[in-house]
Every structure is written in C-alpha cells, then in structure tokens.
Amino acid sequence: MRIALCDDEPVFLAEYRRAIARWAEQSGEPCDVSAFQSADALLFETQGQYPFDLMLLDVEMPGMDGLALARRIRRTDERVRIAFLTQHTDYLFEGYEVGALRYVLKRQAEGKLPALLDEVRAKLARAPNYLLVNVQGECVKLEAERILFVEAQGHDTLVHLTEGTLALRTPFARFAESLPAGFAAAHRSYVVNLAHVERLSRAQCLLAGGASVPVSRACYAPLNRAFLAYYRGMID
C-alpha cells in the first residue's frame, strides 16, 4: 500500500510511521510511506501526480492547511483516497467537499489508523480490474492487465495493449482517471501499467515487449516510488 503523510510536526509523523509499520507487520500488507512536513513540500515533490492509495493530511498546518491542500489535489485527482488528521472536531463537515474517507483525531491515531488501513485495503481489493470503453459506438470490456500504457493524442487517447492499439474518442485525462490501481503517470501525456514496467530511468520507461515511453522530470520521483512499491509488494 502506498501512503503519503503530511504533518508539520515530526513527532506525529514518527508516531504515524510506527502505527503503519505495526499494521503492515500484523496484516502482511507491505506499506511504502512518503512523509512531508508541509503542503508546499508535498506539492513540489509530487508535481500534480499522486500515486498513493491513501493520503493522510494534517488539517492544521502553517501556510497551506490540509483542507486547502486537499482542494488542490482534487483539481487533478478525483480518485486518490484522502483522510484528515486533526486535534479537533471543528472541521468534520468540511471534508465532504473533497471526498474525505474520514477524520482521525491525532490523540487517537495509534488506535484508529489500523481500522482506516483495513478499510483502504478492502477498497483496493474490490477495485475493478477492467474498464468499459466505447469503441466505434460499441461498449467494450477491456481488462486492465492487457494495457501496456496509455498515450494522449490530441483530444483523443491511444490505449496500447499487449496485442495491439485502441484509438478512443475519449479525452486522455478522463480516461486516465478511470484506470484502477497499478497505473502511474510517466509524463503528462503517458500513463504506464506498473505490471509491465521492466526498467525505469530518469528519461525513459521500458515496458514488456520492447515498448518505451518518455519520463518527464516532474513525474520521475512519484513514478519511481510507485514502481518500487509495486514490486516490493509483489516480492513480499
């Protein structure tokens, strides 16, 4: 499971890490945790790409607070799961506008995080592994595992499969949002299926069968984290 933590207080970041590590050990679910001490640090590092299964955001931070950060995230990502960490219950209703899973009181984090992680794991297990796409007026069921990568082509989308390519009259951003877990952006015009990635450099992502896509500077770090987390989970 890929988790992002954002809290300006190091003592709390350490506490969350310990709680997550204990849950990972007890559940057998490997966790890759990325920690940030401010909203600006998170935004700078991710550059609009959020390859996480869960983002835990502190509501009360100097500068941009957790709610404002969540609104920024939702500009480009409607799917990533967000939960808030807070010292108070005053903000509960504000989380609905950004689709927050829940609020966790900091003083109860050690006891409450395991249930939240169980919930996210259950949601991931139920995630669909296929998509319904419109191909020349017909609705076609497309298994996600067949997709090597997805490419923006003008206002349309090219879906490169293990056995060919589909040209869809669907905006790239909309199609990318519909992809299940296991996909990550390599470039603003490319999303790759991590299951088919064989090699990753700062400039290029090599896929099974010899296909390759460019990797942008902004996408390299989050893509690399997603790649490592995916295969760490497969090995463990």
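Me: In this predicted model, what percentage of the 236 residues of the protein chain count as buried?
Reply: The model is predicted, and a residue is taken as buried when its relative accessible area is under 20%. By that cut-off, the share of the 236 residues of the protein chain that count as buried is 45%.

Me: Why can the protein chain be called as compact as a globular protein of its length?
Reply: The secondary structure of the chain comes to 6 helices and 15 strands. For 236 residues the globule rule gives 18 Å, and the chain is as compact as a globular protein of that length because its radius of gyration is close to that value, at 18 Å.

Me: Which element gives the most residues to the largest nonpolar core?
Reply: The largest nonpolar core has 21 residues, and L42, M55, L57, L69, I73, I82 and F84 have the most contacts inside it. At least two residues of this core come from each of β1 (2–6), α2 (39–46), β3 (54–58), α3 (66–76) and β4 (82–86). The element that gives the most, with 4 residues, is α3.

Me: Which residues does I73 touch, not counting residues up to four places away in sequence?
Reply: I73 is among the residues with the most contacts inside the largest nonpolar core. Leaving out residues up to four places away in sequence, the residues that I73 touches are Y50, M55, L57, V80 and I82.

Me: How far apart are the mean positions of the positive and negative charges of the protein chain?
Reply: The protein chain holds 27 positive and 30 negative charges.

Definitions and conventions. Residues numbered from 1 in each chain as written. Predicted model: local features only at pLDDT ≥ 70, side-chain atom pairs only at ≥ 80, totals over all residues. Heavy atoms only, no water. Rg over C-alpha atoms; globule rule 2.2 N^0.38 Å. Buried < 20%, exposed > 50% of the residue type's maximum accessible area, 1.4 Å probe, protein only. Lys, Arg positive; Asp, Glu negative; His and termini not counted. Charge placed at Lys NZ, Arg CZ, Asp CG, Glu CD. Core = buried A, V, L, I, M, F, W, Y, C linked by side-chain atoms within 4.5 Å. Contact = heavy atoms within 4.5 Å.
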